[in-house]
Amino acid sequence: MSTPLEDPVVKMDISAIVEALEEKGYADFFKEKTVLITGVAGFLGSWLADTLVALGSHIVGVDNLSTGSLNNVKHLLKTKHFRFIEADVTKLEPLEEKIDLVLHLAARPSPDDYLRHPVETLLTSSEGTLKALEVARRNDAVFLFTSTSEVYGDAEVIPTPETYWGKVNPIGPRSCYDEGKRYAEALCMAYLRQYGLDVKISRIFNTYGPRLDWKNPGYGRVVVKFIAQALKGEPITVHGDGLQTRSFCYVSDNIEAHLIFLAKKELKGEVLNIGNPEEVTILDLAKTVIELTGSKSRIVHTPPRPDDPRRRKPDITKATKLLDWKPKISLREGLAKTIEWIKPRLK
Ligand SMILES: NC(=O)c1ccc[n+]([C@@H]2O[C@H](COP(=O)([O-])OP(=O)(O)OC[C@H]3O[C@@H](n4cnc5c(N)ncnc54)[C@H](O)[C@@H]3O)[C@@H](O)[C@H]2O)c1
C-alpha cells in the first residue's frame, strides 16, 4: 500500500515498522480493517494512522484538536482511506462505518497541559472511554486502551511490572490524569467481564519522536522541549535537581509493539507495559541533548513538580515474551532522529 506521507524521517520509520510486521507475519491482519482512532491528530495517534494506512486499513479518526494538530494528519485527508471527525470523544455520535478495531488514545497526557485542564482530562478518561467502549461493544470490535506508567504513581518497585498496583495520590494535582487512567482501565476490564469485549490495555512509558508537540510552550513534553531549547540556544529548564529518572522509548518501537499486541488474538484482556527500560536522569538527558545538538545552552533548574515520580523504568518482561518484541532504537539514536526532524522546522 502506498502512503501519501512525504516527511522523510517519519516515512523511513514507518517503512521499517511495516517491514518488521511483514517479516513477523502480522501485516495481513490489518488489511481492509476499519479502525477507529480517538486522539488521531496527536503524536501516537497519527503514527498509528499512517502505519495502518500503509498496511491497508481504513481509518476513522476522531480528535477535538485540544493538544493535537491537524498538521499531523493533513496528508491523510487526501486519501480515501481516512475520514476525520473533529469532535470531543465525550460526545461521540454513532458512526456510519462497521468498525473492526477501536484504538482509544484521546487524552491530555502532558502535565503542563492537564494541570490547567483537570476537569476535561478526567472527563476524557471517564466519559470518553465509555463512549469509545460503546462503539466497540456495538461493533463487536477489538478495543485497545492506551494507559500510562502514571497509573503506578511514585512506584516503589523499580523496574515496575504490570502486577504492581501503584502508589498514587488520589487528590493531588496529577490525579486528574493518573486516576482518570486508572478508572478507564477499570472500565475496560468491566466491559471484558460483563460483555466479553476483547479489550487490551497498554501502559505506555515516556515515548518521544517526530510529531511530539515541541512548539507549544504550554505542552512541554521533556525530550522535545529540551531539543527545541538546545537548538534555539535557550537555557534548558530542568525541574528540581534533575536526578529524577525516566526511561524513554522511541516512537517506532512503541508503534510496532502496539500493532503486534492488536494482531495477537490470544492477548484478549492482557495489560502490557510498553516502553524502553534504558533509564536516564533528566539531567543526563539534558546533557545528551546539548551534546547531540552541539548547543551552547546552559542548564537551569526550576522548582520541582508536585508529586513528580523519582524513578520510572518499565519491566517489559511480559511484553517481550508475549509479543516477541523488544525496543530496537537506543536513546542516542532516537534523539538524533528527533533532532533531525525538529531542526528544519525551527526556521
Ligand atoms: N507519549 C507518551 O509518552 C505517552 C505516555 C503514556 C501514555 N500515553 C498515552 O498515549 C495516548 C496518546 O498520547 P500522545 O503522546 O500521542 O499525546 P497527544 O497529546 O499528542 O495526543 C492526544 C490526542 O488526543 C486528543 N484529545 C484530547 N482530549 C480529547 C477529547 N476529549 N476528545 C477528542 N480528542 C481528544 C488531543 O487533541 C490529541 O490529538 C494518550 O492516551 C496518552 O495518555 C502517551
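## Surroundings of leucine 259

In this predicted model, leucine 259 is in contact with Leu21, Phe30, Leu48, Thr51, Leu52 and Leu55, leaving aside its neighbours within four places in sequence. Leucine 259 itself is found in helix α7, which covers residues 251-263. Because its relative accessibility is 0%, leucine 259 counts as buried.

A further distance relates leucine 259 to another part of the chain. Serine 126 is 133 residues apart from leucine 259 along the chain, and the C-alpha atoms of the two are separated by 25 Å.

## Packing of α6 against α8

Helix α6 (residues 222-232) packs with helix α8 (residues 282-293) at an angle of about 40 degrees, and their axes lie 9 Å apart. Angles from 35 to 65 degrees fall between the roughly parallel and roughly perpendicular classes, so α6 is oblique to α8. In passing α8, α6 forms a right-handed crossing.

On the α6 side, the contact is made by Val222, Val223, Phe226, Ile227, Ala230 and Leu231. The residues contributed by α8 are Ile282, Leu285, Ala286, Val289 and Thr293.

## Packing of α8 against α10

Helix α8 also meets helix α10 (residues 331-342): their axes come within 10 Å and cross at roughly 55 degrees. That angle makes α8 oblique to α10. The crossing in which α8 passes α10 is right-handed.

From α8, the contact involves Leu285, Thr288, Val289, Glu291, Leu292 and Thr293. From α10, Leu331, Arg332, Leu335, Ala336 and Ile339 take part. The residues of the contact of α8 with α10 divide into seven nonpolar, two polar and two charged. Leu285, Val289 and Thr293 of α8 belong to the contact with α6 and also to the contact with α10.

## Cysteines

With a disulfide taken as a pair of cysteine sulfur atoms within 2.5 Å, the count comes to zero disulfides. Cysteine 176 is in no disulfide, and the nearest cysteine sulfur, that of cysteine 188, is 18 Å away. Cysteine 188 is likewise in no disulfide, its nearest cysteine sulfur being that of cysteine 176.

Burial can be stated for each of these residues. Cysteine 176 has 3% relative accessibility and therefore counts as buried. Cysteine 188, at 0% relative accessibility, also counts as buried.

Key: Residues are numbered from 1 along each chain as its sequence is written. This is a predicted model: local features need pLDDT of at least 70, side-chain atom pairs count only at pLDDT 80 or more; totals for chains, interfaces and linings use all residues. Side-chain values use heavy atoms; hydrogens and water are left out. Axes are lines fitted to C-alpha atoms, for helices over the stretch in contact, and angles run from 0 to 180 degrees between N-to-C directions. Helices (H or I, at least four residues) and strands (E, at least two) are DSSP runs, numbered from the N terminus. Angles under 35 degrees count as roughly parallel, over 145 as roughly antiparallel, 65 to 115 as roughly perpendicular and the rest as oblique. A crossing is left-handed if the near helix is turned anticlockwise from the far one by less than a right angle, and right-handed if clockwise. Contact means heavy atoms within 4.5 Å. Buried means under 20% relative accessible area, exposed over 50%, partly exposed in between (1.4 Å probe, protein chains only). Ala, Val, Leu, Ile, Met, Phe, Trp, Tyr, Cys and Pro count as nonpolar, Asp, Glu, Lys and Arg as charged, and the others, Gly among them, as polar.
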